[in-house]
Amino acid sequence: MSPDRYEPQRREWRDFLELVTKEHEGDAVTIEVVDREYGDQFEAEQMPFAYLEYDDKDDAVIVGVGGKDSRYPVVLRHIIENPKAVLADPPAPNAARAIDIVSDDGTSTIVSLHRRPALPPPD
């Protein structure tokens, strides 16, 4: 994570994550869980990004992957219950954007969004 990362307030999470979803629709996503007891674990690597949302009723951040094509026809969900912080690297050209969701037990879920390469202009 970048030292100049952004930390939206809880009341801003829903709108912020909706904006991230719109900005990264169609990109690839990697989900890494960093836990003190179990270490680093990859939940998803370079899968199609579906959405990132905050459900304030259930107090959970949900990351949806897949569901975009026949290779990944089903949306898989990774749920972070009782998050206490959402931290985000600022968008940068040609770099993955990381969103770190910290749960109340201190576990970090790092969602890395990788831009798809632009298509070359038509000849």
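**Why the terms fit**

Student: What makes alanine 98 count as buried?

Tutor: Alanine 98 has a relative accessibility of 11%. Buried means under 20% relative accessible area, exposed means over 50%, and partly exposed is in between (1.4 Å probe, protein chains only). At 11%, alanine 98 therefore counts as buried. Before we go on, please keep in mind that this is a predicted model, in which local features need pLDDT of at least 70 and side-chain atom pairs count only at pLDDT 80 or more, while totals for chains, interfaces and linings use all residues. Residues are numbered from 1 along each chain as its sequence is written, and side-chain values use heavy atoms, with hydrogens and water left out.

Student: Where does alanine 98 lie, and what stands opposite?

Tutor: Alanine 98 belongs to strand β6, and serine 112 in β7 stands opposite. Strands (E, at least two residues) and helices (H or I, at least four) are DSSP runs, numbered from the N terminus.

Student: Why is serine 112 called buried?

Tutor: Its relative accessible area is 17%, so serine 112 is buried. Serine 112 touches Ala28, Val29, Thr30, Arg97 and Ala98, leaving out residues up to four places away in sequence. Contact here means heavy atoms within 4.5 Å.

Student: How do you know that β6 and β7 are partners?

Tutor: Two strands pair if DSSP finds at least two bridges between them. Six bridges join β6 to β7, and these strands run antiparallel. β1 and β2 also pair in the antiparallel sense, over seven bridges; in β2, glutamine 41 is the bridge partner of valine 33. β2 is joined to β3 by six bridges, again antiparallel, and aspartate 55 has alanine 60 in β3 as its bridge partner.

Student: How many residues lie between the strands of each hairpin?

Tutor: The hairpin of β1 and β2 has three residues between the strands. The hairpin of β2 and β3 has four, and there aspartate 59 takes a positive phi near 50°.

Student: What makes β4 and β5 stand at the edges of the sheet?

Tutor: The sheet is open, with seven strands in the order β4-β3-β2-β1-β7-β6-β5 and antiparallel pairing. β4 (75-81) and β5 each have a single partner strand, so one side of each is left without a neighbour in the sheet. On average, neighbouring strands are turned by 35° against each other, direction ignored.

Student: How do you know that the buried residues of α1 are on the same side?

Tutor: Those residues are Trp13, Phe16, Leu17, Val20 and Thr21. They cover an arc of only 140° around the axis, which puts them on the same side of α1; the arc is that of the directions from the helix axis to the C-beta atoms. An α-helix has 3.6 residues a turn, so residues three or four places apart point the same way. On the other side of α1, Asp15 and Lys22 are exposed.

Student: What covers the buried residues of α1?

Tutor: The cover includes β2, β3, β5, β6 and β7. α1 lies across these strands, at about 105° to β2. For such angles, axes are lines fitted to C-alpha atoms, for helices over the stretch in contact, and the values run from 0 to 180 degrees between N-to-C directions.

Student: Which residues touch the most other members of the largest nonpolar core?

Tutor: Leu52 and Ile99 do, among the 21 residues of this core. β2 gives the most, with five residues. A nonpolar core is a set of buried Ala, Val, Leu, Ile, Met, Phe, Trp, Tyr and Cys residues joined through side-chain atoms within 4.5 Å. Apart from neighbours within four places in sequence, leucine 52 is in contact with Leu17, Glu18, Val20, Thr21, Val61, Ile62, Val63 and Ile99. In soluble globular proteins, nonpolar side chains tend to be buried together.

Student: What makes the radius of gyration agree with a compact globule?

Tutor: The radius is taken over C-alpha atoms, and the globule rule is 2.2 Å times the number of residues to the power 0.38. With 123 residues, the rule gives a value near 14 Å, and the protein has 15 Å, which agrees. The C-alpha atoms fill a box of roughly 55 × 30 × 30 Å along the principal axes, and 43% of the 123 residues count as buried.
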